[in-house]
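Welcome! Open your viewer, get your selection tool ready, and let's take a short walk together.

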Amino acid sequence: MKNLFSTDTTAPLNTPLSKSYKIGWISLVALAFGGLNQSLLLFSGLLTSQGTAGLVLLMLGIVVIWCALPGWIELVLMFPNRVGGIAACSAYVFGSYAPTLSCLVGVSYWVAWGSTCAFGVTYSTSALQIYFPNLPAIPFAMILLVAFTALNLTGIKWTAKVMIVSSSVALLLALLAAVLPVITGNVNWLQAIDFHLKSPFPGIFGGFTSIMAGFYLVAFSAPAIENALCFVRETRDPEKNVPKAAYVTAALSGLFYIILPVIWLGVLGPDKLNVDQAGLKTALVPVFLSSIFNAKAAQFAAVVFVLTNSWIYTATGLAGISRALAQIAADGYAPEIFSKVTKSGAPWVALMASFLLAFILTWYGVPNWLLAGTNLSYLLAICAPSVAVLLLRKTNPDDPRPYKASLLTIRLGLAGVIFWVMCTIFGFQQYGLQPVIGGIVFIYAALIFYIWRVALDQKKLGIYLEKKFFHSLHFKLTVAMLFVLSLDAIGYLIAISNIPNTNSSLVVILEDIFILVALLTLGVGLVMPSLIVKSVKDVSNAATQLVHGTLKDFSFAMKALGLGNLDEATIKVDITPVFVNSQDEIGEMANNFNIMQYEIKDAAIGLVNAREGLKVAREKILQHQQSLIELNTTLELRVRERTNDLELTNTILVSEIVERKEAQSREKILKDELIIAARQAGMAEISTSIIHNVGNVLTSINTSAGLLLDITRRHNYIEKLQGIANLIQEHSLTSNDFFTTDEKGKLIPSYLRALAKTIEKENVETTYELNNLRSNLQFVIEIIAKQQSIGQSSILLEEVSINEIVESALNMSNLSDVISIKKDIENLPFLYTDKSKLLQILMNLFLNAQDALLMSDHEIPNKQIFISIRKDKDGKHIEIIIRDNGVGIKAENISKIFSLGFTTKTSGHGFGLHASSISAIELGGSLLAESEGEGFGSTFILKLPYQVSKS
């Protein structure tokens, strides 16, 4: 199977690796502390909504993360030159399937961690207010945010050094908080293991909903490990140090997510522990009380514990999310400016964007519902890598894997993904409507980054977003899904507003349905259109490469062959197979396109072989010519010798005469071979022109055939008529009553009349297209007949209506809908001319005008082709004038416009106007071109003798 992803990538960020400071596994562990202490954020939410059983859910959550860890390590080490961790690597993997999903994964990770950074500076300020009660909360939090941003701008070197100090203090205090209560005997072990589950309403379903809500929230246990994987590119010997740091972090997570919750619950009880991290500065004082710490010292230890932990997940949070955003920007899923880095390797633009996000959230405040809402975004980021690593196992099984996880752990990670999706469906609603809407808004907001990147890329190419994106299937389907989501929300609000307060279980069921529809809407509205558009774009890019590569070389080789330039008649066969991983119509289209490419490849190889055969034949002819020249030279010498010897016998003279006749005969044979070779070259030129004209007509035939196919597929009348027939047969015994009294029976006559009108309308459309198709086919037949008649009759005169021949040429040209046609045609009688040649000339002129209009760089509000037909002043000729307001013709090109092989179009061949000029002369007329210059349009004048009877 072809590899879809290159795992041997160079560093996408524009700082060479040699200039980046490399950190070791201890630094990685210190930076990972920014996720280890996330458990401190969850105590309040879990105890409030799930009771003490929420701590059990927290423990089980970290076990799920342990199961996913080996797969995450395998994923990030497959891309050793990247930063941003599991989110950036997952985004890169999904890029070959759905670019929108790649953007969602990376930006959702960025948004979720942005709220955590805001929490950090807020809690730091709250802790310091114990000793500085007049300290202004918001301004000082902003100052801390600026300080941590400045620290990150210095690069990973100094950030890691500062975090080593902070993490060491935090770890020491965490160990003391676990050991001191046990030594002093302050742990009530019965209270420590007394777990009770709170439910929103009685019954099994209420308990199930509460458990799901708890598991949904403990997704925030993932930072305990994944934050250590964000700096692979900046790590010394990542194959050795990254796994070591990840597993050390995983071991330490057991301290924060299992040991500390149990001991603190035994010391403080659920009521005192049910505080946010800002409240821990006072709640944890009993934990530190011992012979070592008195009351003031215990208070100081609690404050320092909160401060160091808050600082760590603010500083390392900014480091991780800025690198993830910079990486997806370098990969093409966010604006490119976010990939800019400083000399120290810090992604400064992405870092400033992260600072701005945290600044806004800090200023606004971070309520608990926002924590639940951002968790939905974060779930997308941590569920994606388990899917990505399994996808790489199936699509790229032979890629190098410095670290290979067991298939069991990968499957367990995928099971965790499925489990968290179920938790979102059945538990997310417990946090209220605000987190639901907020989470969905956060995910859809990620789409702004992708639209922004697409707009910038298209602007570089001279394309504006509104011309393509807002008319795309992706945009239309996304808007439709947003509309469905809005209707779902309205229906949900109407439903729960009419349900009594006592029926809480029914409210929860409706809320679960709303969330399920919302998640499906996200998938269909964002992911599915991206998959479709990506697959179609791959086919389009391959087709573009084929047209401008092999086919262009093919046309050039045909032209060179026609001119006899065998050395230039070369073809570079460049076939790019399209790989679409689907079994639907798009996959079938890709397969058929690949078959077409290989057919073209075979044809190109055949042309190359024919060229080599002609080269061999020409070399033989040249050898015969040289032999003939040498023979003639020898013969002349011998004749002069014989002239000096007139006394030779008559027998010798006759022998010499016979020898000269044989030489002349050989010379005639060689000349005949040269004439045949020249004629073949001429026929190649004529064939090239014929193929050009037939190609134009076949394009129209293909369009008509497509319209006929669309009409035949539009309705299945046989199935509908069969249904009516079955209905009538079922009531055949009571047909009179059935047609007069039964509701369905009374509708049958009116339905049949409507069906007859529809069939009649489509029959008119079909007849029109069939006539058009027959007209095009007749033109192909005439072109072929004209080719067959070469050498018999050069001109075939017949009665022709100028108006009808112009309409036929317009229909066969199938001009673009954006082009308007204006006519000024005199009422001329029939005239006698060669209809086939005239039709070929007009089609070539119409298509040339269309190309000139569509190639125009400047905006033309009204793309127009003006057709004028009139007699000239002497009345002996008619003039057919075709004028367009397109790109025009440069003055230096006017004299070359009808030359064979001359063209100004990137995909042109230079055959059409040359052949049209020759055909006009054969008809006894002329073809002229006029233009005031580039940008002023062009005019072509076809002048024909006004012949109203056969000559």
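**First stop: a covered helix**

Contact here means heavy atoms within 4.5 Å, and buried means under 20% relative accessible area, with exposed over 50% and partly exposed in between (1.4 Å probe, protein chains only). Helices (H or I, at least four residues) and strands (E, at least two) are DSSP runs, numbered from the N terminus.

Before moving on, note that this is a predicted model, where local features need pLDDT of at least 70, side-chain atom pairs count only at pLDDT 80 or more, and totals for chains, interfaces and linings use all residues. Residues are numbered from 1 along each chain as its sequence is written, and side-chain values use heavy atoms, leaving out hydrogens and water.

How many of the 12 residues of α1 are buried? The count is 10, among them L28, F33 and L36.

**Second stop: an open sheet**

Now select the 5 strands in the order β2-β4-β5-β7-β6, an open sheet with mixed pairing. Two strands pair if DSSP finds at least two bridges between them. Look at β2 (820–825) and β6 (926–930): each stands at an edge with a single partner strand, so one side of each lacks a neighbour in the sheet.

Next, pick β5 (residues 877–884) and β7 (residues 938–945), which run antiparallel and are joined by 8 bridges. Click I882, and you will find its bridge partner F940 in β7.
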